[in-house]
Number of protein chains: 2
Amino acid sequence: MADQVLSLDEVKTLAQSALEGAGASAQNAASVARSTVLAERDGIRSHGLLYVPIYAEHVLCGKADGNAVPEVAQPRPGAVCVDAKCGFAHPAIDAGWQPLCEAARANGIAALTIYNSYNCGVLGHHAERLAEHGLVGLCFTHAPASIAPTGGSRPVVGTNPFALAVPDGEGNAALVIDQSASVIAKSEIMLRAKAGEPIEPDWALDADGRPTTDAQLALKGSMLPAGGYKGFGIGLLVEIMASCLSGAVSSVDASPFSGTAGGPPKTGQCLIAIDPGAFSGDVFYQRIAALVEEIGGQEGSRVPGARRKENSRRLVEQGVSVDEALIERIRGFSC
Amino acid sequence: MADQVLSLDEVKTLAQSALEGAGASAQNAASVARSTVLAERDGIRSHGLLYVPIYAEHVLCGKADGNAVPEVAQPRPGAVCVDAKCGFAHPAIDAGWQPLCEAARANGIAALTIYNSYNCGVLGHHAERLAEHGLVGLCFTHAPASIAPTGGSRPVVGTNPFALAVPDGEGNAALVIDQSASVIAKSEIMLRAKAGEPIEPDWALDADGRPTTDAQLALKGSMLPAGGYKGFGIGLLVEIMASCLSGAVSSVDASPFSGTAGGPPKTGQCLIAIDPGAFSGDVFYQRIAALVEEIGGQEGSRVPGARRKENSRRLVEQGVSVDEALIERIRGFSC
């Protein structure tokens with residue numbers, strides 16, 4: 001089948017209908033559909049329409065409760081805690097959003113933690129949204145365990161990404177860092193395993209903690225962290241913020257994000273929001289602008305997030321090209 | 001000369017006298033001497049008595065104002081901002097300590113930023129101290145630029161470490177992560193350069209951004225981040241928190257921490273303190289205990305901070321063995 005060009009509005013409608021068709025409430029479907037649009041807008045296809053059938057199947061099998069109504073508590077002025085009630089992460093984040101932003105402005109800094117949650121999609125988008133509200137966003141989310149501690153062989157933390165987005169003082173993000181703790185995404189190893197291809201020697205270990213280039217053995221073993229023990233340290237930082245502080249299940253106990261088995265993953269997120277106006281104020285924006293200039297002004301280097309921004313500029317205008325078979329598959333959930 | 005065994009009390013007195021002898025106020029000297037004791041206690045010799053002559057020389061040459069009186073502001077309930085007034089970092093952190101801890105308990109989360117500051121010694125000790133107060137400590141400090149963005153050649157961020165310490169619910173730190181953004185400490189490259197020895201191929205780049213094993217060329221070039229672009233991302237996160245948010249000078253503009261030239265470095269720190277009781281409470285301590293058990297229970301792996309803890313147990317009891325020539329040199333400042 002050929003490709004079809006869809007506007008971002010059409011992407012949204014397509015995702016929304018599929019999720020509602022699978023049984024999600026209109027509000028929950030809208031939260032997730034919005035994240036699908038952002039992923040497509042930035043050229044992150046893996047988390048765009050490609051993911052919609054997985055979301056829909058997870059509603060159908062009960063891995064994500066499509067009708068969950070997140071419960072918000074604010075035990076202290078700067079602490080917003082949301083129980084996602086085994087639904088999607090996006091509506092839970094939306095439920096805590098306004099209290100988080102208000103608390104960050106009032107106190108200078110605030111945190112939103114979420115438990116009984118699910119995969120939150122592209123983490124950088126949550127950080128970027130905070131930056132668009134004029135706040136520094138430092139976000140953490142964890143995933144089923146896949147990385148072993150250095151020297152060990154049993155996975156303890158997931159590919160656990162963190163994201164940082166920084167406001168430019170004019171309603172946009174000046175930069176967005178969004179990176180996982182592993183050398184490579186687990187999905188890449190899964191692709192190699194399916195294709196029967198070997199993996200690079202520094203990507204993973206087998207179940208006994210020995211280096212392997214066999215993708216099948218790697219999937220039964222553990223992923224290597226980027227930068228050795230320092231990468232494991234990052235994964236651990238994220239685990240502590242997203243799982244322990246939120247009160248979510250640990251990465252070791254979380255059910256897989258892929259497939260329909262195991263019930264809700266009950267993982268967690270943590271979003272820290274900081275108002276630069278409470279700290280260095282105008283100096284902050286000057287320093288950020290200089291930093292962006294220092295990085296972007298060097299030949300061969302890029303400001304983190306620049307590629308997504310370029311994609312976004314192009315795709316907002318041109319729309320995205322989507323495989324018709326995928327469109328059909330997504331439409332299949334709408335009935 | 002031979003070595004002499006000193007108790008940690010004797011280490012403190014020695015450091016205190018040298019700093020006061022160089023012209024620091026008793027209070028400022030005490031803050032710095034306390035950090036010297038902690039470094040020796042944990043077996044981190046580079047930041048223990050070995051550093052005292054540098055501190056003392058920096059007081060004498062004006063790189064650190066020994067009589068600075070830090071100024072504390074609290075523009076919002078969760079935002080504590082300290083002007084270190086070009087003195088040491090330690091008294092500035094001490095000055096903001098109580099407001100930080102009180103704000104973290106009242107609000108759930110709070111941040112202390114410090115500008116016009118100096119090298120804060122072992123970052124992990126500040127995080128550990130927060131954990132000993134029952135708070136999660138997430139700390140950032142920056143340093144003169146030495147790491148170039150991936151693909152570039154001009155250093156933009158320093159070796160910029162972060163540290164995370166986590167309370168165990170019983171007054172101690174359950175774990176302490178303390179790691180820099182670079183593959184290796186800059187001091188190691190300086191040692192190799194002095195000895196005329198080559199460096200490892202993945203440690204640094206020359207001034208044109210090309211890999212080098214020549215330590216001299218590396219010192220004129222840039223340090224490589226651990227984990228490639230992800231390590232640069234960590235250095236950038238730290239830069240944004242410790243320099244931009246605090247309003248300190250950028251790493252690019254900071255004067256060197258070593259030597260007597262360039263005046264006060266005017267760098268910054270950021271300490272985020274979080275009260276687990278405001279978020280997941282008891283569940284937090286259960287999750288942390290399980291995580292420590294998962295990591296420490298694997299053959300060949302270690303809980304971050306375990307080595308320092310082992311050193312501490314031994315050295316508190318046995319005292320530390322110090323080169324007599326160093327003791328003499330430190331005593332020379334006391335007169």
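Salt bridges first. Between chain A and chain B there are 4, counting a side-chain nitrogen of Lys or Arg within 4 Å of a carboxyl oxygen of Asp or Glu. Take Arg154(A) and Glu294(B): their closest N and O atoms sit 4.0 Å apart.

A caution on sources. This is a predicted model, where local features need pLDDT of at least 70 and side-chain atom pairs pLDDT 80 or more, while totals for chains, interfaces and linings use all residues. Residues are numbered from 1 along each chain as written, chains are lettered from A and ligands numbered from 1 in written order, and side-chain values use heavy atoms, without hydrogens or water.

Now the contact itself, meaning heavy atoms within 4.5 Å. Chain A contributes 76 residues and chain B 74. In chain A, Arg76(A), Lys230(A) and Phe279(A) lose the most area to chain B, together 12% of what that side buries. The buried area is about 5500 Å², with 69% from carbon and sulfur atoms. That is accessible area (1.4 Å probe) lost on putting two parts together, summed over both.

Next, the core. The largest nonpolar core has 93 residues. Such a core is a set of buried Ala, Val, Leu, Ile, Met, Phe, Trp, Tyr and Cys residues joined through side-chain atoms within 4.5 Å; buried is under 20% relative accessible area (1.4 Å probe, protein chains only). Ile272(A) is among the members touching the most others. Leaving out residues up to four places away in sequence, its contacts include Phe140(A), Met241(A) and, across in chain B, Ile109(B).

Notes
Buried means under 20% relative accessible area, exposed over 50%, partly exposed in between (1.4 Å probe, protein chains only).
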